[in-house]
Amino acid sequence: MSVGRPFLDVSDIADSSDEPGESVETDDEMRERAEAALLRKLRSRSLSLAEARTVLRGVEGADEIVIEEAIEHFVDLGYLDDAAFADQLVMSAVERRGEGRRAVAETLRKRGIPRDVADMALEALPDDDAERALEFARSKARSVGGKDDEASLRRLAGQLARRGYPSSVALTAARTALREVGIGAGRSRPGPRPMPGVRFTPDE
């Protein structure tokens, strides 16, 4: 009797899909993983829709369908709302950091707020840059004072410019605030020599 090839039982062949760690992720599991990643990020900071999409694109395996479904779900839950987020950013920039309109607009742009939504948020902002600039200048006037009145003026005006106030508004607020604390007061009166001009750029 000849020895033939051993009988091969196909039931003994392991299916590669059953190997540990090789299971195929379902669409629902992928979506849940993407949403969990976004939720973790939202627990640490608020996000615009554009920022949320960036977070989701960083989730391995998440395609555009999964991303948009997750965005829609979080919008429905109220976790993502560009208009409300824009209002929050404006309030924080103005009330906490004393920023001017230009700086506020730049903050909205950097956070991915759409132009039309940003414009609506800025329209609700009172047009009182001069008042806010003076309030900020008053809070900093004594700390910038020194022997050189011109240097004090440049320093304070520069701080205002970096917060998004136009140069004319920054200079007026700085002069007023410094005069109120007795810095440069003597130079504000007419004299034989005019006060030298102050030059600076908003990025100084």
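## A tour starting at the R111–E51 salt bridge

Select R111 and E51: their side chains meet in a salt bridge, 2.5 Å from N to O. A salt bridge here is a side-chain nitrogen of Lys or Arg within 4 Å of a carboxyl oxygen of Asp or Glu. The pair links distant parts of the chain, with R111 in the loop between α5 and α6 and E51 in helix α2 (residues 49–57), 60 residues apart. R111 is buried at a relative accessible area of 15%, and E51 also counts as buried, at 17%. Buried means under 20% relative accessible area, exposed over 50%, and partly exposed in between (1.4 Å probe, protein chains only).

The model is predicted: local features need pLDDT of at least 70, side-chain atom pairs count only at pLDDT 80 or more, and totals for chains, interfaces and linings use all residues. Residues are numbered from 1 along each chain as its sequence is written, and side-chain values use heavy atoms, with hydrogens and water left out.

**The whole chain**

Zoom out and colour by secondary structure. The protein chain has nine helices and zero strands; helices (H or I, at least four residues) and strands (E, at least two) are DSSP runs, numbered from the N terminus. Of the 204 residues, 35% count as buried. Among contacts with a separation of 6 or more, 64% are between residues 24 or more positions apart; contact means heavy atoms within 4.5 Å.

**Further salt bridges**

The structure holds eight salt bridges.

Next, select E180 and R138, whose closest N and O atoms are 2.9 Å apart in a salt bridge. E180 lies in helix α9 and R138 in helix α7, 42 residues apart. E180 counts as partly exposed at 45% relative accessibility, and R138 is partly exposed at 46%.

Then show D28, R31 and E69, which are linked in a network of salt bridges.

E35 is buried yet has no salt bridge, and R31, the nearest side chain of opposite charge, is 5.5 Å away. Which residues does E35 contact, leaving aside its neighbours within four places in sequence? They are A70, H73 and F74.

Follow F74. The structure holds one aromatic pair: F74 and Y79, arranged edge-to-face, 5.6 Å centre to centre with 70 degrees between the planes. Rings of Phe, Tyr and Trp (its six-membered ring) pair if their centres lie within 6.5 Å; planes under 30 degrees apart count as stacked, over 60 as edge-to-face and the rest as tilted. F74 is buried, at 3% relative accessible area, whereas Y79 is partly exposed, at 47%.

**Helix α6**

Select residues 115–123, helix α6, where V117, A118, A121 and L122 are buried. Seen down the axis of α6, these buried residues fall within an arc of 135 degrees, so they line one face of the helix. The arc is that of the directions from the helix axis to the C-beta atoms. Turn to the face directed away from the buried side to find the exposed residues R115, D116, M120 and E123. The cover over the buried residues of α6 includes α4 (82–96) and α5 (101–110).

**Two nonpolar cores**

A nonpolar core is a set of buried Ala, Val, Leu, Ile, Met, Phe, Trp, Tyr and Cys residues joined through side-chain atoms within 4.5 Å. In the largest core, of 19 residues, L156, L160 and L178 touch the most other members. At least two residues of this core come from each of α7 (129–144), α8 (149–162) and α9 (167–180). Helix α9 supplies the largest share, seven residues.

Centre on L156 and list its contacts, not counting residues up to four places away in sequence: A137, K140, A141, V144, A174, A177 and L178. For the last stop, select A37, V59, A62 and V66, which are among the members of a second, separate core of 17 residues.

Conventions: Lys, Arg positive; Asp, Glu negative; His and termini not counted.
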